[in-house]
Amino acid sequence: MDKPPIEEKTREEVEAERKAKRAAKQERKKAALEKQKPDGLEIQKKSKDPSTESPIAVDLVKVSKPKPDVPKAAPKKPSTQKIETTKKVIKSNKNKENIIVKKVEEVKPTAKKVNLVNLMKKSTGPVTHKVKLFNHLYIDSSSLVTENKLKINSGRVHPSFIKLGVQMQTSVVAGSNARCLAFLYALKQTISDFVTPEHKNFSRSFEEHLGPAIDHLIACRPFSVSMNNAHKSIMSHIKKLPHNISDCHAKEALETIINTYIYVQIHMAGKAICIAAQNKIAKGDVILTYGYSSLIERILTDAHSNNKQFSVIVVDSAPWYEGRQLLHRLVRNNIHCTYVLLSATSFIMTRATKVLLGAHALLANGYVMGRAGSSQIALVAKHFNVPVLVCCETYKFTERVQTDSIVFNELGNENDVMPREQWLNNRYLTPLGLRYDVTTSDLITAVVTEIAILPCTSVPVVLRVRPN
Amino acid sequence: MCLKTFAECKKVMLDRGKVFLKKLTDARNKVAKITLPFFVDGTNILTHSKSRVVLEAMKLAVNSQKRFHVFVSESSPDKSGVEMFNCLKALDIPCTLILDSAVGYIMERVDMVMVGAECVVESGGIINKIGSCTMAICAKEFKKPFYVLTESYKFSRMYPLNQIDLPNNFKYNGNNSNDDNLLNAHPSVDYTHPSYISLLFTDLGILMPSAVSDELIKLYL
């Protein structure tokens, strides 16, 4: 491009270099962004007639054609060199906006080259739509599939875990409690089918045996906090088993440990929360709830069977419409229900007298991680002075601290948010389906746990007091 | 513990009772002592109803040559504020009796609010003589600190969500609890949300409202 400015580079070197480095960073980011574009355009080209294409796309193909047999590592070097030259351009040029335009123009072809060669390696993969802010949450699905196939075929993953993996991936098993229970049942089956290799001790070889299964499960869907806690607790028990224990005894011991965990941490805790929450349901209350939580369902149906007089407002939202499940079950139990969507929250909140929410996890700073949309509900409830009760067993408490929903979250399937064909070939459109959000502690009136009804700032105390 | 006779058992119980009683009376002095640095010369303090802890703290402060002025609200319907006023006068503490409805009027002149509590609940909020909540909200709006002086044995494992959620036997005395709808009955206590409370002075130390639940968990788990 602009050649003459390069000769002027004998300026104050240090300052310029700094600038250049900054610019180069931007450059790389841009190049990364560009990566997606050519892919999309290629596909467009294949499917449509060339008249509708942008000139860049045509360019791309032209560039790619003469260089199909470039060695794999080679294309990277020229690109970095190019960036170097752009650095020099930047050094000399004061007008930043101009620079950026030039940079983009310069980098485009190099990035394209790299990409297209990569593309040829991979053959034509699907277009990657990613929201930049949530880049860290995306999982590379194509490599995952092959990896999973390898794992499954290796016979190192117990069939119960393979089954559970599929169920979780397809959201057949969803919800914090259900996932934890399913995980524990799968674990029980694995334990009962496990045979200790000769001359090895049970706990160590079982840990080794379980490793790939856990990895497989995490690859299918990241662990929920409840599963993590359960896993940690069971593993600590396994580690404590005596060295010379026989398979039979170890299995028996572990089975009782898992059974007690399920009974105490999930079932009995749920029961205690039911009782505590029911005491807070007064005659004539209108209880607003959001989405589906097995615990909330249990509380409401129990309260109804105990002749409490109340009605329920079920708030629901796209894309999963989990509230319908709750609605269906409540109506079947003859509970008066109103069903609205999240967009009507502020309107319906004036009629509610209490808000009951389920939770995915409680964080150590007292924040509540729940189904995406819960924080909106809590915010509106706070505005209307409606007390917000979060129902959560203590096994979902975690030491993690989080103040926003970006750092750690889970992405749902984009196809649920929007039909695939609407966004797949549109490079300007990226759907984003976040599963969770984080509610600040000042929006929550109280947390109902099996220990007591607590303010959510007491989470660290409970964590400290809790055994293990 | 193995006890042989009933007399022995009785003695043990009585001794324990005395120990407990001593702890309780000491608690009040402890609270008064830790509150002392908060009485700065020339401060105006607003208080509500009659509280023996607050009185004890003020007594200690005035005995330590602190100069301050106290505004006492009348605290209807039982006029316990008048009683407090008389007690303060007897201690030679400069004080003014104000109407309950004058809380908003006087708030701009006071430097802090100091009240006792009938009960401190799990959330860190307090249950106290009716009118405390009004005073707390008013203090919050005027950015005046709202201090609660209380002994730690008043900590209770209950969690009211709002005023309606308070148990009826707290709010109403025996005379009108037979009233079916309780619409015409005047509640005698109200619940003050922890967000309106600046600090709690207890014999365990000076606590933030959120620390109450920590203490309760420690006590019961």
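**Figure 1. Charged side chains of chain B.** Chain B carries 26 positive and 23 negative side chains, and the centres of the two sets are 7 Å apart. Lys and Arg are counted as positive and Asp and Glu as negative, with His and the chain ends not counted; each charge is placed at NZ of Lys, CZ of Arg, CG of Asp or CD of Glu. The model is predicted: local features need pLDDT of at least 70, side-chain atom pairs count only at pLDDT 80 or more, and totals for chains, interfaces and linings use all residues. Residues are numbered from 1 along each chain as its sequence is written, chains are lettered from A in the order in which they are written, and side-chain values use heavy atoms, with hydrogens and water left out.

**Figure 2. Fold and dimensions of chain B.** Seven helices and 10 strands make up the secondary structure of chain B (DSSP runs: helices H or I, at least four residues; strands E, at least two). The C-alpha trace of chain B spans about 65 × 50 × 30 Å along its principal axes.

Figure 3. Of its 221 residues, 47% count as buried (under 20% relative accessible area, 1.4 Å probe, protein chains only). Of the contacts (heavy atoms within 4.5 Å) between residues of chain B at least 6 apart in sequence, 75% join residues at least 24 apart.

**Figure 4. Chain A.** Chain A has 18 helices and 10 strands. Among the 468 residues of chain A, 47% are buried. Chain A exposes about 24,300 Å², of which carbon and sulfur atoms supply 55% (Shrake-Rupley method, 1.4 Å probe).

Terms used:
Buried < 20%, exposed > 50% of the residue type's maximum accessible area, 1.4 Å probe, protein only.
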